[in-house]
Amino acid sequence: MPMLRDYRTDDAEAVVRVALAAFAQFEQHYSDWPLFTANVAKMPLLAKAGEIIVAEDGGQIVGAVAYVGAQAPKPTFFGPAWPVIRMLVVDPSARGKGIGRQLTEECLRRAERDQAGVIALHTTPIMTVALPMYLRMGFVKVQDAPAVLGLPYAVYVKRLD
């Protein structure tokens with residue numbers, strides 16, 4: 001089972017590689033793929049506003065997620081007091097091992113540590129593995145979010161209390 005740990009600045013290159021690999025299968029769905037990948041490559045910047053957690057297996061980073069706490073700046077379609085899960089990514093070569101769930105559960109633990117009543121995320125229906133996983137974990141759609149480069153997104157929330 002991969003080990004989770006907090007992100008270090010020297011992980012940036014590996015995190016970007018995993019993020020780009022994780023989203024590559026969706027290239028044909030986004031209207032401006034170069035812009036989308038430029039934004040994905042900024043994932044390490046989420047460490048400024050939140051906590052990036054990485055999954056490491058055999059010394060290699062195989063997944064990552066950002067936990068953005070309740071008081072941190074975040075897009076306005078999220079409640080200002082909600083902690084948020086951002087950019088859950090798993091290397092395609094490491095999928096099917098429960099890494100996405102493990103990273104999501106760590107975000108839930110951190111939200112509970114922060115005594116949050118809910119945690120939120122946003123995703124799109126083309127995420128055919130992530131979205132069903134979130135629904136199984138108790139996330140519920142609460143509203144539509146702005147489209148991202150031609151794709152519909154929605155906000156999902158899970159109650160923690």
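Ala145 has a relative accessible area of 11% and is therefore buried, where buried means under 20% relative accessible area, exposed over 50% and partly exposed in between, with a 1.4 Å probe and protein chains only. This residue belongs to strand β6; helices (H or I, at least four residues) and strands (E, at least two) are DSSP runs numbered from the N terminus. The structure is a predicted model, in which local features need pLDDT of at least 70 and side-chain atom pairs count only at pLDDT 80 or more, while totals for chains, interfaces and linings use all residues. Residues are numbered from 1 along each chain as its sequence is written, and side-chain values use heavy atoms, with hydrogens and water left out.

**Ala145 in its surroundings**

- Leaving aside neighbours within four places in sequence, Ala145 is in contact with Phe77, His122, Tyr153, Ala154 and Val155, contact meaning heavy atoms within 4.5 Å.
- Asp6 lies 139 residues from Ala145 along the chain, and the C-alpha atoms of the two are separated by 29 Å.

**Overall architecture**

- The protein chain contains 5 helices and 7 strands.
- Along the sequence, these elements follow the pattern β-α-α-α-β-β-β-α-β-α-β-β.
- The radius of gyration is 15 Å, close to the 15 Å that the globule rule gives for 161 residues, so the protein chain is as compact as a globular protein of that length. This radius is taken over C-alpha atoms, and the globule rule is 2.2 Å times the number of residues to the power 0.38.
- Taken along the principal axes, the C-alpha atoms fill a box of roughly 35 × 35 × 30 Å.
- Of the 161 residues, 52% count as buried.
- Among contacts between residues at least 6 apart in sequence, 63% join residues at least 24 apart.

**The largest nonpolar core**

- The largest nonpolar core has 59 residues, and Phe23, Tyr30, Val89, Ile119 and Phe139 touch the most other members. Such a core is a set of buried Ala, Val, Leu, Ile, Met, Phe, Trp, Tyr and Cys residues joined through side-chain atoms within 4.5 Å.
- Strand β3 (residues 60-68) gives the most to this core, with 7 residues.
- Beyond its neighbours within four places in sequence, Ile119 is in contact with residues including Tyr67, Pro83, Cys107, Phe139, Tyr156 and Leu160.

- Trp33, Phe36, Thr37 and Val40 are buried in helix α2 (residues 33-40).
- Viewed down the axis of α2, these buried residues fall within an arc of 95°, so they line one face of the helix; the arc is that of the directions from the helix axis to the C-beta atoms.
- The buried residues of α2 pack against α1 (12-23), β4 (84-90), β6 (140-148) and β7 (151-159).
- Asp32 caps the N-terminal end of α2, with a side-chain oxygen 3.0 Å from the backbone nitrogen of Leu35.
- Ala41 is placed in the loop between α2 and α3 (46-49) and, with a relative accessible area of 31%, is partly exposed.
- Val15 lies in helix α1 and is buried, its relative accessible area being 0%.
- Val15 and Lys42 are 27 residues apart in sequence, with 9.8 Å between their C-alpha atoms.

**Thr123 in strand β5**

- Thr123 lies in strand β5 (residues 118-123) and counts as buried at 6% relative accessibility.
- With neighbours within four places in sequence set aside, Thr123 is in contact with Leu131, Tyr134, Pro152, Tyr153, Ala154 and Tyr156.

- Most residues other than glycine have a negative phi.
- Met87, found in strand β4, has a positive phi near 55° and is not a glycine.
- Leu149, also not a glycine, has a positive phi of about 45°; Leu149 is found in the loop between β6 and β7.

Technical notes: Polar contact = N/O pair within 3.5 Å; in protein donor to acceptor, adjacent residues only side chain to side chain.
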